[in-house]
Each structure stands twice: as C-alpha cells, then as structure tokens.
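Work through the exercises below with the sequence and the model in view. Try each task before reading its solution.

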Amino acid sequence: MNGHAQWVKWTAGLMLVAGAALLAGCQGSKDQGSQSTGTTPPPGKTGTATTGSTPAPGRKFVIAMSQCNLGEPWRVQMNADIEAAAKEHPEITLDKADAQNKSETQQAQVRDFIQKKVDLIIISPKESRPLTRPVGEAIDAGIPVIVLDRAIEGDKYTAFIGGDNRKIGLEAGKFINKTLGGRGNVVELRGLMTTVPAHDRHDGFMEGIKGSQIKIVADPDCQWLEPNANREMKSILSTQPQIDLVYGHNDPSAHGAYMATVQEGKGREKQIKFVGIDALPTEGVKYVKDGILTATFQYPTGGKEAIETALKILNKQPFEKKTSLGTRIFTKENVAKGGEPL
Amino acid sequence: MPETPETTPPGSAAPDGTRRRSVWELLDSYRGLIALFLVFLLGCIVTPRLRDTGLPIFLSPRTQLDLLFEYCEYGLLATGMTLVILTGGIDLSVGSVLGLCATLFALLTVGYGWAPIGAVLAVVGVGFLAGSINGILVARFGMQPFVATLAMMTAARGAAKYISGGIKVQPAAMPWYKLQQDTPHFFRWMTTALPGLGIQPASLLFLAAIILMAIVVRRTVYGRKLYAIGGNEEASRLSGVGVAWAKGLTYALCAGFAGLAGVVNACRQDIGDPEAGAGFELDAIAAVVIGGTSLAGGRGGMGFTFIGVLIIAYISKILSLKGVDIAQRMMIQGAIIAIAVLIQKRKRNGA
C-alpha cells in the first residue's frame with residue numbers, strides 16, 4: 001500500500017467525523033438554549049424556580065410532538081396550529097418530530113421522548129395498532145399523552161382530540177340537498193376506500209341527502225389525490241351529459257374536478273357547483289374566495305385544542321378525556337369573516 | 001486457489017509475510033471499529049443529558065438496546081445482503097419479501113389461527129423460495145442480479161397485496177379471521193425486553209443470525225466459495241468451484257433472512273402491512289457498504305456489516321435524540337454513505 005492513499009483515506013475519514021461534529025455542534029448550541037430554558041431546574045439548584053410556595057406559576061414544560069408525516073398540507077397546518085398556540089405560552093418548549101409516514105420511526109420517536117423524560121407527548125399516529133404499545137409505555141413512565149386525529153387501540157392514553165368526519169359528511173349532505181333544492185345529479189369523488197375518514201364522509205353524506213331526489217351518477221375512488229380526481233372527472237364528463245354538483249371528499253379532489261371541467265372547454269364549470277372538505281387556508285378557503293368552490297367544510301386539526309388540553313393536564317386542572325371537534329362552513333358570503341360554525 | 005478472504009481483524013489472519021506492517025496499516029485494519037468508536041463518542045458528547053443522573057442519554061444501556069432493537073430488521077436484511085454482495089451481486093427484493101412475509105405471518109397467525117412457530121417456519125420457507133427464484137434467474141439463466149431482483153421486488157409486493165386483499169392484516173379486519181380480539185402473545189414476546197436481560201428476542205435473533213453467518217462465511221467451504229466468486233467468477237468457474245449452486249443458495253439465504261425480518265416487522269407493528277419494508281433494501285445495502293464490504297464483491301464480511309449496522313443506527317439515533325430536522329438528517333445520511341464509499345475506493349486503488 002502506498003502512503004499517499006493512506007493519507008487521503010484518513011483525511012477523508014477525519015473530515016467525515018469533523019463534519020458530523022460540526023453539524024451536531026451547530027444544532028447543539030441552538031438546542032442547548034432551548035434545552036436549558038425548557039428543562040425544569042432541579043429543586044434547590046436555581047433560586048427562581050423555588051421562590052414562592054405555589055409551584056404552578058413560572059414552571060417550564062417540554063412538550064414533545066410526533067407528527068406522522070409532513071407531506072400532507074393538512075398535517076403541516078396542524079403543526080402550524082400547535083406552534084401558534086404554544087407561542088402564546090412562553091412556559092412551553094416544543095420538541096417536534098416528523099415520522100415520515102413510517103410507524104417504526106414514530107415508535108422510536110415516542111421511546112426517545114420517554115428517554116428524554118419530556119413533560120407531555122402529543123402524537124398524531126400514522127396507524128393505531130403499532131403506536132398503541134409505545135403510547136402505553138409513555139403512560140407507564142408517568143408521561144401524559146394527547147392523541148390527535150387518529151385514535152389508538154384501547155384507552156391507555158391521557159386525552160384524545162379528533163374531528164368528526166361523519167358529522168362533516170352529514171353537514172355537507174344537508175347543504176348540498178338545500179343548494180340543489182332536493183334534486184339533481186351529483187358526482188361523489190371519494191377518498192381512499194381503505195381509510196375510515198373516506199367511509200365516514202360518505203356515510204354522513206348519504207344520511208344528509210336521504211329522502212331527496214338527488215342521484216349519485218358516479219363515485220370513483222380518487223384516493224384523496226388531485227391528479228386522480230382530474231383524470232376520473234374527465235371520464236365522467238364524457239359520459240354524463242347532466243351534472244349539477246361535484247362533492248369531493250377533500251378540497252384537492254374538488255379542485256381537480258373543477259380543472260377537468262375547465263379543460264373540457266365547454267364552459268360547464270359555470271353550471272356545475274363544486275363542494276369540498278378540509279378548508280385549509282391555502283386550499284379550500286382560497287378556492288372559495290376565488291369562486292371555484294361553492295362551499296368547503298373545515299376538518300379541524302385540533303392543534304390549538306391540544307395545547308389548551310396539555311396546559312390543563314400539566315397544571316393539574318380538569319380536562320376532557322375525549323374531545324370531538326366541530327366543523328365550520330366557508331361560503332362566498334362568510335369566507336371574509338372566517339366561516340361559520342355548524 | 002481462492003483468494004484469501006479479507007475479513008475482520010487481519011491481526012488474526014496470516015499475512016503473506018513480505019509486507020511491512022506500518023502503524024498506519026494496523027490502524028487501517030480497524031478503520032470500521034475506530035469510526036464506530038468516534039460516532040459513539042460523538043453521541044455521548046452531543047446528546048442531551050438525563051435529568052436524574054446527568055449522564056448522556058446515549059450512554060444509557062436502555063438507549064443502546066433500543067437502537068439495536070430498532071435496527072434489527074435492517075440488521076437481518078444486511079446479514080443476507082452481505083452474502084449476496086460478497087459474490088458481487090445485489091438483491092433489491094429484500095424489502096418487498098419482508099413485506100410479503102410480514103403480511104403472510106400475520107395472515108397465518110391472526111387469520112388462520114396457526115401456531116406462531118409453524119407460521120415462522122412457513123414464512124421463512126416462502127422467503128427462501130422467493131430467493132431461490134432470484135437465484136435460479138441469476139445463476140442458471142445468467143440474468144443481471146439487479147434486473148432479476150428488481151422483478152422479484154415488484155412481484156413480491158404484488159403478492160403481499162394479493163394475499164392480504166389490499167388491507168392491513170390485523171384482528172377483526174375481516175369477519176372470518178380466527179383472531180378477532182388481539183394478536184397472539186408471540187407478537188408481544190418478540191418485541192418486549194426479556195426480564196433480567198433487558199434485550200428483546202428480536203434483537204437476539206439478529207445477533208444470532210449474524211454470528212452464525214460470520215462462522216459460515218469464515219469456516220465453511222461455501223463461505224470460501226462466496227469470496228472466490230466475488231473475486232473472480234470466471235476463474236472460479238474454470239477451477240471447478242460450484243458457482244451456480246453457491247450463487248443460487250446465496251440468494252435463497254438472503255431472502256430467507258428477509259422472511260425472518262418480516263416476522264419481526266409484523267410483531268413490532270402488531271399488524272401485517274403489505275406495504276411494509278418499502279425502501280428497506282437501500283438501508284440494508286447502505287449498512288453493508290458503510291461497514292466496508294465492497295460492492296464489487298470478494299472483500300468484506302459479517303463483522304464489517306455488524307459495524308455498518310451499528311454506525312447507521314448510532315447516527316440515526318443521535319440525530320433523532322438531537323431533534324435534527326428530517327431534511328438535514330437525510331442530507332447528512334447521504335453524505336455519510338458517499339464518503340464511506342469514497343474511502344473504500346481509495347483503499348482499492350491503494351491496495
């Protein structure tokens with residue numbers, strides 16, 4: 001072996017370690033700041049924490065948050081809601097993690113939080129069963145857990161906060177029934193059929209239009225995806241001469257169908273009404289403002305409520321074990337003032 | 001005559017005598033271990049401290065056992081992958097085979113009420129069979145390993161979705177499932193730390209597998225054949241080494257380990273997910289390569305792979321404990337793989 005190659009190799013190796021150390025270092029200095037403010041000082045070590053007989057005021061909390069993925073705008077919104085709510089409470093330090101749509105990663109994150117001995121965990125699980133045990137382990141370790149949006153198996157958690165898709169479907173159905181005057185041809189663009197929300201948004205809708213003359217002329221599974229809705233709608237437009245309304249299980253589906261109608265080039269988008277669900281500021285609400293959607297129904301993220309509940313739990317105040325969130329309707333008339341609660 | 005296998009600590013292997021062993025060279029032989037140690041040190045320095053004892057979280061035995069447990073599926077895949085890579089091949093199908101086997105294992109136990117042990121044997125058998133098909137395509141029909149296993153990757157994923165009916169297999173998912181309440185106790189046993197030892201049976205399974213394969217690779221005729229094929233396939237063929245059989249067996253073993261990893265996956269997830277293991281093949285290959293086994297074949301070994309798995313697990317755990325943003329994390333991991341291979345390339349040129 002020649003010495004030169006050795007030298008290069010070792011330099012590269014050292015650079016690798018140095019690089020990693022540097023990165024970790026940058027992160028470290030940033031982290032130490034938040035860590036020291038976030039961690040509860042051990043009693044007696046610092047004067048500020050132990051002055052005064054009431055322990056509640058001045059206490060700092062580390063709240064850890066595991067989001068199942070940040071690929072969906074709705075989940076990005078959930079994190080934004082949590083951050084916004086946490087910002088109003090300086091005693092809270094947030095420790096956020098993105099599980100990248102992998103249950104294994106999310107399991108590991110919960111176990112890391114337990115190791116770090118955080119004060120409270122907020123989790124929006126990717127899947128019920130795989131997360132049930134790690135959440136149970138956190139409870140066993142004395143760490144309260146708030147489960148958001150998707151429930152876990154059994155009742156070994158501290159609080160659950162979630163939207164009610166059936167109610168949202170029902171409200172959408174009632175609105176559509178009223179808008180169409182009890183009769184007409186409706187296209188239903190369904191969410192992924194293997195998911196519970198898609199079933200709930202369908203069942204609720206059917207209940208809302210029960211007894212009317214409304215006919216479902218097509219109901220393809222668009223898997224929540226705009227391109228799929230666009231493709232399906234194109235086929236439906238070519239076979240259905242009369243369509244009065246399109247009900248999308250989410251706003252991107254409704255938007256995809258609208259675009260397909262525009263692309264057809266017959267101007268039918270002026271006669272057909274489009275209704276969606278989710279009402280994210282950047283999607284549904286904007287589409288309503290732009291006159292694309294007639295209405296959208298909010299599927300709340302529960303982010304704000306999660307922080308409120310967390311503070312109640314941490315300050316030993318009474319709280320609801322299960323919170324079912326309501327919905328809001330956004331139409332052209334009320335969109336400027338932030339929709340109307342239903 | 002087959003090439004002398006380059007396995008871990010060459011201090012024990014007989015050098016050819018004429019070489020001058022410099023300090024550099026000695027250090028170089030333990031490069032993997034040194035890198036592992038440095039990463040370990042880094043972990044101790046940068047991870048947050050435990051509130052009660054003040055020690056770094058990274059140093060706690062719980063964290064160490066946790067990360068071994070988190071990476072035991074990748075470890076099992078990497079064990080099989082090492083065999084294939086030693087022959088100069090590659091197996092892209094292990095992630096899909098893992099998914100197929102996880103789904104099948106859940107279906108047999110939860111759906112049909114089989115005893116877990118019987119289901120494990122059946123599932124590993126199915127993995128072995130899938131691997132045999134890879135082996136036959138590669139060894140008998142001379143197909144490129146990349147292409148043959150790419151085909152299996154697609155087919156096995158399809159099979160996983162087919163047998164499950166497109167749903168995730170779990171109690172009460174179908175009315176006809178034998179188990180409607182809970183998964184068998186075996187699921188929890190595999191993934192719960194044994195009392196007293198503190199280590200999960202799933203982790204032990206990985207350790208047992210890699211130790212066994214380390215012995216097979218170093219001490220058996222089959223093991224020597226792997227290095228011979230990877231070193232120079234044509235020469236091995238001419239010198240009468242049973243190339244076809246050895247290669248076929250290698251792919252079958254690799255997929256067999258993927259089957260075991262599938263069992264671990266089903267137990268850990270508590271469901272049989274037909275989408276499980278997607279992309280795992282890349283992590284397994286990364287672990288093998290970071291350890292120091294050459295993708296060109298003929299150099300490396302199980303010891304290297306074990307170090308590679310630990311290095312990846314350590315880095316990922318450190319980044320996770322530090323709460324490093326996922327985007328940065330992926331960039332760091334990519335850089336580490338590239339640098340590891342770069343160092344290897346220098347080694348080949350320098351040797």
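**Exercise 1.** Find the residue that stands opposite Phe160(A) in strand 11 of chain A.

*Solution.* Next, take the strands themselves. Strands here are DSSP runs of E with at least two residues, helices are runs of H or I with at least four, and both are numbered from the N terminus. Two strands pair if DSSP finds at least two bridges between them.

This is a predicted model: local features need pLDDT of at least 70, side-chain atom pairs count only at pLDDT 80 or more, and totals for chains, interfaces and linings use all residues. Residues are numbered from 1 along each chain as its sequence is written, while chains are lettered from A and ligands numbered from 1 in the order in which they are written.

**Exercise 2.** Trace the open sheet of 6 strands in chain A.

*Solution.* Write down the order: 2-1-3-4-5-11, with parallel pairing. Now mark the edges. Strand 2 (92–98) and strand 11 (322–325) each pair on one side only.

**Exercise 3.** Which domains does chain A have, and what separates their centres?

*Solution.* First, list the bounds, which come from an automatic or database domain assignment. Domain 1 covers 60–157, and domain 2 covers 165–299 + 332–341. Then take the centres over C-alpha atoms: 32 Å separate them.

**Exercise 4.** How many helices and strands does chain A contain?

*Solution.* Count each kind in turn. Chain A has 11 helices and 13 strands.
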